Structures are given as structure tokens and as C-alpha cells.
Protein chains: 2
Amino acid sequence: MPHKKEIELFASHIRRKNLKHTEQRTQILKTFLETERHLTAEELYVSVKRKYPSIGYATVCRTIKVLCECELCRELKVEDGVSRYEHLYGHEHHDHLICTSCGSFTEIMSPEIEKLQEKLAAENEFALTRHSLELYGICKKCNH
Amino acid sequence: MPHKKEIELFASHIRRKNLKHTEQRTQILKTFLETERHLTAEELYVSVKRKYPSIGYATVCRTIKVLCECELCRELKVEDGVSRYEHLYGHEHHDHLICTSCGSFTEIMSPEIEKLQEKLAAENEFALTRHSLELYGICKKCNH
DNA sequence: ATACCTGCAAATGTTTTGCGACTAA
DNA sequence: TTAGTCGCAAAACATTTGCAGGTAT
């Protein structure tokens, strides 16, 4: 059974928060886990709707919130103003290369940059809680 | 005369693009140049309206676009989804510390981080055009 | 039984656009 | 004269919310 841990995490969050285990939530979680990362709420909605046509967009948005609360999902805000959602559980922190031609997201990570960010924050006596780093440009594929 | 260069830059952009030199644009430019940085369109609108009550919000938004085109202004997209605008002319590239308590923006710059970003992009054969780095947390003042 | 949940439509909040009147060049 | 501009109201767009009916526990 794929995503066993994630499904258990979701179930225990549901229990802990006195929420209800509904077919809609199950379908949204399943589709989210099965799908490539960095999708928009709209994309997830369309995807779920294929298997569960009665689903409403609002339910998808509300369930994404629950997924974020239990740390299965992370919201990314990028420059087009549309939120994207990616898997968080079991994934190391990372930033992104975002191709402005094909819209692809590539995960990147630099421990040196992380350290330098902390140094900058410390120099400004700033209590860092999180950061957002995106590099925009043209990806390898689009550059042929 | 303050902001002489900026006003000339704006005027020459106006000429080059066959736009017109209107009182509204003059007022918006003036207020933008005189005001602390990182304001929203709404804040700039309110500010201009004080001296020029007939101004419309749409005109402010349209003029901000022109300011960005002639590189007097840079648009920042941050996590609250509201665009902020800052002075660009004569300002070195920088990133921001953003206080989630008081909303203040502090400019930061690290040549090492810039270099590492270029290195990351190169490693991924990614043609970097720009980036966005914001550090969120609590600023010195708010942390008393 | 009773919280909680759902889908829908309406509201929200920001930014953009269509339009008829107006104005700079 | 005429292309470009203005202010207004409406549209756009993603996301959120109110609500009445439905469902899990």
C-alpha cells in the first residue's frame, strides 16, 4: 500500500481535531498523494473531479488547508499569484527553480545559502521563522 | 530639486513611448518618489488622493505599470498576495527581511548568496533571469 | 442526536479592463 | 485633430464564506 504513512498521519490528524473521515477527503488526499507535485488548487480539483465528479472546488480548498495543517502539504506562493501545493511529509526543505517558459518547478537545496540566510538574519537581530527563495529563468529543456 | 534624475527618466520614457505628460502621472510619480518604499497600490492611491482628490485607483495602477517599465519602480510579490512597490532607480539589487508582526521590510544583500544562486542555476543548466528571496520572521523592534 | 461536512452561490480582495468623456500635443 | 488618458463601474481571478441540506460518529 503506497503512502501508508501519509494516510495514517491524515487519519490521526482527523481524529485529533474531531474532524470527520469523509469520502471527499479520502479522494482528495489520494489524488494529491498520487499526483506530481506543485499543483494548483484548480489542478487538484480537476484531477479529483475525474474520479469523483460531484466534488466541489470549495471542498478541495478546505481539504488542502487540512493537509497543510497536518504537514502533508506545503503551500508555495509564486509570482503568478496562484498558490501551488507540494508534498511535505518525508521531504527535506528545499527551494525552487521555476521555468518561466514551461512553468516547471525544480527542487534545489544549498546548505551554504541556508547558513548565509541565518547569518544575515542574525546580523539584523531578526528572528527568522521561514524563507522563500525562488530562482526564475529558463530550464534546460526549454533552452533545448 | 530632488529626484531630478528620476523625473527626467520618466519624462524621457513618456516621450519615447508616445505617452502623455499628465497632471495625474506627475502627482503619482512625485508621491511615489517622496514616500517610504514598499507601498501597496492602495497606499499610494490614498497618498496621492490627499493632494489630488479626483485621482482614480485605476490610474494609480496604470501609472505604477509605467513606472515599472521605465525601471523607476520594482514590484515585489510577497506572501500576503498584495503587490508592493519600491524605488528601483539608483538602488542596488537586494532582498528583504519581512517582519510578520509589524509588516516592515528591511533590505538585505549578500554577494555570497547571489553567487551560490548562480552556481545552483548553472549546475541545473538553468538560465537564471531573476530571483526572489524573502526572509520572514520577527524584526528587532518587535522582539523588543 | 448532533457536530461536522458538502456543494452551491455569493462574497471577498486585489488588480485589470471597457467605455464614453476628456485632454495633451 | 486625434491618439492617448481619465475616472468610473464592471469584470476578472483566485480563494473564502454563508447557508441549507446531508453525513459520520
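This is a predicted model: local features need pLDDT of at least 70, side-chain atom pairs count only at pLDDT 80 or more; totals for chains, interfaces and linings use all residues.

Residues are numbered from 1 along each chain as its sequence is written, chains are lettered from A and ligands numbered from 1 in the order in which they are written, and side-chain values use heavy atoms, with hydrogens and water left out.

**Symmetry**

- Chain B is superposed on chain A by a rotation of 180° with 0.0 Å of shift along its axis, at an RMSD of 0.1 Å (least squares on the C-alpha atoms of residues with pLDDT of at least 70 in both copies).
- The two copies are therefore related as by a two-fold rotation axis.

**Surface near DNA strand C**

- DNA strand C is surrounded by 22 residues, the closest being A:Lys20, A:Thr22, A:Arg25, A:Thr59 and A:Arg62 (near: a heavy atom within 4 Å).
- Of the atoms of DNA strand C that come within 4 Å of the protein, 69% belong to sugar and phosphate.
- H4(B) provides the largest share of this surface, 5 residues.

**Polar contacts** (pairs of N or O atoms within 3.5 Å)

- Base nitrogens of DNA strand C lie 2.9 Å from a polar side-chain atom of A:Arg62 and 3.3 Å from one of B:Lys20.
- A polar backbone atom of B:Ser83 is 2.9 Å from a phosphate oxygen of DNA strand C.

Terms used:
A polar contact is a pair of N or O atoms within 3.5 Å; within protein, one must be able to donate a hydrogen and the other to accept it, and residues adjacent in sequence count only if both atoms are side-chain atoms. Helices (H or I, at least four residues) and strands (E, at least two) are DSSP runs, numbered from the N terminus.
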